[in-house]
Amino acid sequence: MRVVLKHLLCILFLAAFVTANSQTKTATSVVPSKPKLVVGLVVDQMRWDYLYRYSEKYTTGGFKRLLREGYSCENTHINYSPSYTACGHTCVYSGSVPSVHGITGNEWYSYSEDSSVYCVRDVKYQTVGSSSVQVGKVSPHNLLTTTITDELKLATNFKAKTIGIALKDRSSVLPAGHKADAAYFFDSNTGSWVTSSYYMTQLPTWVSQYNSKKYADSMLAKSWPLSLASLALYTESEEDFQPYEDVLEKEKSPTFTHRVDSLTRPVTKILPYTPSGNSLTLDFAKATVTNENMGDGKVTDFLAVSLSSTDIIGHKFGPNSVEVEDCYLRLDKDLESFFSFLDTKLGKGNYVLFLTADHGAAHIPDFMKKHNLPGGVFPISEVDSLLEAGIKSKFGVDSLILALDNSQLYFDNERIAAKKVNREELKSYIKTFSLQFPGVVKVLDMENLSNELLDENMKQAIANGYYPKRSGDLFLLLEPGWFEGMKKGTTHGTIYPYDTHIPLVWMGWKIKHDEDHSSVHMTDIAPTIAAMLHIQEPSGCTGKVIEGIFKK
Ligand SMILES: [Zn+2]
């Protein structure tokens, strides 16, 4: 029986081989059996509606091409709290949530270090590529799972080339994963692309040569004028000057033309605050594909690019500003150029690309107020002081709260026990105390989240952000349109749709054109890439494959 089975298997194997061979032969003339290169584009702070808001002014080859040729998951949401940059980039590439991958914020309170720690900070390593000592002290050591880029390495016996690129270190390091060939980020002190000694001991010659050309300086010399002929053409934005917009460093008014060439010194420090930050990133991405021969080998390579200036500009001026509109019109042109570069270099249909975002953004609260729309700024520092005083007067003990970070209150549990404070009474006091402030929905007990009365999806999103070793004991839930912090400019971080609804469009290799309105989560991106490449999903993946992409 065993022999017969073995024989049968042999025949099956032979049949499969013949079929696969004939399929490959026909396929190579049309579409290769696997993409030469995967390109991930994460546009920092890109709200889903930006795909459409400015579309009348977009070129045919940028965002419009993505929507015309690609597969758009129109209903993609972030399913965890907080919707911050580090969590977003990690989720896209790990297919997982902070409760599993451990990146619970851009920074979080560390109980062991009794201070806030930055997600990718790692003092064991040095800057490679510039004399800025602190810039390169980073690694992915806090990331507890593999990424899709790591899995591609594992699946190809480490032959695939995987590289991360972003102005922000965290947006390069976390997507690139643990086994990346490189994660490049921008040293704004010197205007150079640098990396960490985690990856290499010296920059490749081509990167040093690229840096020596000083592209950042020449881009900034053109300053930041309007890209359209006049302000009147920016019909999707309100008037250029608004009192609730923030200003660029050393600039007096938040208005065009932004004379960035005459602002802060060194001038390269201002680059991330201008659309030139995106232009430089995509230009460097092109140089990386060319010089690293990405997509030229026998196995699929992976280029993870993040565009950070969209976020930095968005924070300063808000979603209804001329600056954000101009930034997206310029990015659209840069994307058109990037896509046509990839077509020429690799062949249209030989690479697969996805564009998404790490989070969206709220409108500026004073803009909302002006239009009688709900929203506000929650004065977190004042509330923190009042809470400290309230706890002291009620329980007779001070300093029971170690930190207030990422909307969470971290208890000093040792002190609470030592001073014999009843923990449940303390929680109950804080819950009642917080309700006196406008903008507060409620304070949630993270240990007993299942017993809290709240919409199940919201509760799940908050639970998905809870990793006990790096999270607090209580969660401060604000009303929609509210955020902690500053009066000028805006931010993100909540579990509401303006922060969580992100674009997700796929284009290229075997991707058909369609518009998919089914519910997709950010966690679904990595397992979908895994399915395309026939490789394992990342080690902590909680997402599911987006089936519609594969339907014939
Ligand atoms: Zn941001």
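Which residue is the bridge partner of I165 in β8? The partner is Y184. The model is predicted, and its chain averages a pLDDT of 93, with 95% of the residues scoring at least 70. Over residues 1-28 the pLDDT falls below 50, and this stretch has 3 contacts in the model beyond near neighbours in sequence.

**Sheet**
- An open sheet is formed by 10 strands in the order β6-β9-β8-β7-β10-β1-β11-β19-β2-β20, with mixed pairing.
- Its edge strands, each pairing on one side only, are β6 (127-128) and β20 (514-516).
- Strands β7 (residues 162-165) and β8 (residues 182-187) run parallel to each other and share 3 bridges.
- Within this pair, I163 of β7 has A182 as its bridge partner in β8.
- I163 also has a bridge partner in β10, namely L303.
- The pairing of β7 with β10 is parallel as well, over 4 bridges.
- Strand β1 (residues 37-43) pairs with β10 in the parallel sense over 7 bridges, and V39 stands opposite L303 in β10.

**Burial of the strands**
- In β8, 6 of the 6 residues are buried, so the strand is largely enclosed by the rest of the structure.
- Strand β10 (residues 301-307) is mostly covered, with 7 of its 7 residues buried.
- In a regular strand, side chains alternate between the two faces of the sheet.
- In β10, D301, L303, V305 and L307 point one way, while F302, A304 and S306 point the other way; all of them are buried.

- Nonpolar side chains tend to be buried together in soluble globular proteins.
- The largest nonpolar core here has 140 residues, and V39, L41, L303 and V505 have the most contacts inside it.
- Helix α12 supplies the largest share of this core, 10 residues.
- At least three residues of the core come from each of domain 1 (43-303 + 319-351) and domain 2 (376-484).
- Leaving out residues up to four places away in sequence, L41 touches V305, L307, L353, F354 and L355.

**Helix α12**

**Domains**
- The domain assignment gives domain 1 (43-303 + 319-351) and domain 2 (376-484).
- The C-alpha centres of domain 1 and domain 2 are 33 Å apart.
- Contacts between them involve 13 residues of domain 1 and 15 residues of domain 2.
- On the side of domain 1 that touches domain 2, the elements giving two or more residues are α5 (98-101) and β4 (107-110).

**Y466**
- Y466 sits in the loop between α17 (456-464) and β16 (474-478).
- Y466 counts as buried because 21 other C-beta atoms lie within 10 Å, and the cut-off for burial is 20 or more.
- Not counting residues up to four places away in sequence, Y466 touches S99, M446 and S471.
- Y466 and V97 are 369 residues apart in sequence, but their C-alpha atoms are 9.0 Å apart in space.

Notes: Residues numbered from 1 in each chain as written. Predicted model: local features only at pLDDT ≥ 70, side-chain atom pairs only at ≥ 80, totals over all residues. pLDDT = per-residue confidence, 0-100. Contact = placed C-beta atoms within 7 Å. Core = buried A, V, L, I, M, F, W, Y, C linked by C-beta atoms within 7 Å. Buried ≥ 20, exposed ≤ 12 C-beta atoms within 10 Å, placed from the backbone. Domains from an automatic or database assignment. Pairing = 2+ DSSP bridges.
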